[in-house]
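Let me put the model up, and then I'll walk you through a few spots in it.

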Amino acid sequence: MLEDAEPSIDWDALTFSFKQTDRMYLATCKQGDKWQPGQMQDFADLSMSPAAGVLNYGQGLFEGMKAQHAADGSIVLFRPNLNASRMQGGARRLGIPPVPERMFLDAVHAAVRENSRWVPPMGKGALYVRPLLLGSGAILGVAPAPEYTFLVYVSPVGPYFKGGIKPISLKVSDEFHRAAPGGSGGVKAIGNYAPGMIPSKMAKSEGYAEVIYLDAVHHRYVEEVGAANFFCVRDGVISTPELTGTILPGVTRASVIEIASSRGYEVREERIEVDYALDADECFCAGTAAVVASIGSIEHSGRVVEYGGGEVGPITMEMYEALTAIQQRRASDEFGWTVAVE
Ligand code: PLP
Ligand code: COI
């Protein structure tokens with residue numbers, strides 16, 4: 001069901017915030033059963049037991065991807081199969097029956113197709129696609145819930161960081177950590193995000209856009225920027241923290257690594273000492289919501305380092321351009337990463 005009417009929305013004023021759309025996908029599965037395809041329905045509140053596993057013990061995962069109008073007139077998704085497999089990995093970690101990849105992709109396509117009037121014009125934002133996988137059955141003991149809900153809703157969004165392409169200021173947190181070894185930092189567990197709200201709010205109240213988290217063992221190696229992966233460039237070499245299990249394996253991170261390598265850059269996945277990052281020539285962060293966002297300054301223990309004199313660094317700009325050109329099919333999709341929603 002393709003809706004045609006233009007929503008009354010100022011596409012130029014979009015921010016990264018929730019806007020209710022028309023339709024959503026919903027499926028349920030009992031523990032021990034196999035997932036059966038769900039259905040599209042009108043966007044609606046959920047009803048579940050107060051004893052639902054997700055409400056009591058945070059047994060839940062989410063994903064995030066974007067659908068965009070592309071230069072060839074189609075609506076495209078970017079590497080949604082990677083979101084499907086990342087959610088399967090998260091499901092295994094949290095004792096949730098993994099949603100089959102085909103079902104995940106069908107749900108995402110249907111949710112975009114049936115909300116296509118909410119996809120912003122090219123270059124004005126994107127339709128953010130939010131799959132959720134939740135323990136919706138009632139359980140009192142701390143154990144996997146007896147029933148699960150998989151749903152996909154969508155919302156049109158604008159830039160994640162205020163100011164668009166303008167380089168952001170970040171603060172290294174000496175007080176908080178995002179994830180510890182053996183925990184759930186490497187999967188997109190919903191419970192990973194509430195503990196980051198106050199650190200982020202505190203940084204914002206001091207004028208920073210976000211916090212940079214260091215590793216929880218040595219308090220020395222850069223892990224992530226809020227909800228995006230970190231990159232720095234020194235003497236033309238691009239470095240990003242290696243995936244140690246405490247860092248979310250970002251789809252954008254993987255794509256930047258592949259784009260940069262294909263252009264002849266040396267890309268290192270390694271431990272990055274915070275001092276190495278502070279002495280870098282350029283820094284940026286990468287994520288679905290953040291895209292590629294230039295970092296203009298970092299504060300750590302009273303030391304403030306500025307990069308690029310307020311300008312976006314050349315390699316950051318190259319990565320932003322190359323990535324968004326592929327995502328919007330303005331350049332040839334040499335890796336075969338975009339998928340049209342029919
Ligand atoms: N790191 C965290 C903690 C995130 O929540 C996200 C967002 O999904 C990312 C990194 C970037 O991942 P991706 O590029 O797959 O959006
Ligand atoms: C994403 O990039 O999809 C994210 O996860 C950011 C989100 C937490 C707002």
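So, is tryptophan 35 buried or exposed? It counts as buried, because its relative accessibility is 8%. Buried here means under 20% relative accessible area, exposed means over 50%, and partly exposed is in between, with a 1.4 Å probe and protein chains only. You'll find tryptophan 35 in the loop between strand E1 (23-30) and strand E2 (39-42).

Quick housekeeping. This is a predicted model, where local features need pLDDT of at least 70 and side-chain atom pairs need 80 or more, while totals for chains, interfaces and linings use all residues. Residues are numbered from 1 along each chain as its sequence is written, chains are lettered from A and ligands numbered from 1 in the order written, and side-chain values use heavy atoms, with hydrogens and water left out.

Next, two arginines. Arginine 79 isn't a glycine, yet it has a positive phi of about 50°. It sits in the loop between strand E5 (75-78) and helix H2 (80-94), and it is buried, with a relative accessible area of 10%. Arginine 329 also has a positive phi, about 55°. That one is in the loop between helix H7 (314-327) and strand E17 (338-340), and at 25% relative accessible area it is partly exposed.

Now look at helix H4, residues 197-205. Pro199, Ser200 and Ala203 are buried there. Why do they end up on the same side of H4? Because they cover an arc of only 95° around the axis, where the arc is that of the directions from the helix axis to the C-beta atoms. On the face turned away from that buried side you get the exposed residues Met197, Ile198, Lys201 and Ser205.

On to the ligands. Which residues come nearest to ligand 1? Of the 16 around it, they are Lys188, Tyr193, Glu224, Thr252 and Thr288; a residue is near if one of its heavy atoms lies within 4 Å. By class, that shell divides into 6 nonpolar, 6 polar and 4 charged. For the classes, Ala, Val, Leu, Ile, Met, Phe, Trp, Tyr, Cys and Pro are nonpolar, Asp, Glu, Lys and Arg are charged, and the others, Gly among them, are polar.

Check the polar contacts, meaning pairs of N or O atoms within 3.5 Å. An oxygen atom of ligand 1 is 2.8 Å from a polar side-chain atom of arginine 86, and one is 2.7 Å from a polar backbone atom of valine 251. The protein covers 97% of the 380 Å² of accessible area that ligand 1 has on its own, going by the Shrake-Rupley method with a 1.4 Å probe.

Lysine 188 turns up at both ligands. A polar atom of its side chain lies 2.6 Å from an oxygen atom of ligand 1, and an N or O atom in that side chain is 2.6 Å from an oxygen atom of ligand 2. For ligand 2, there's also a backbone N or O atom of alanine 289 at 2.9 Å from an oxygen atom.

Note on methods:
A polar contact is a pair of N or O atoms within 3.5 Å; within protein, one must be able to donate a hydrogen and the other to accept it, and residues adjacent in sequence count only if both atoms are side-chain atoms. Helices (H or I, at least four residues) and strands (E, at least two) are DSSP runs, numbered from the N terminus.
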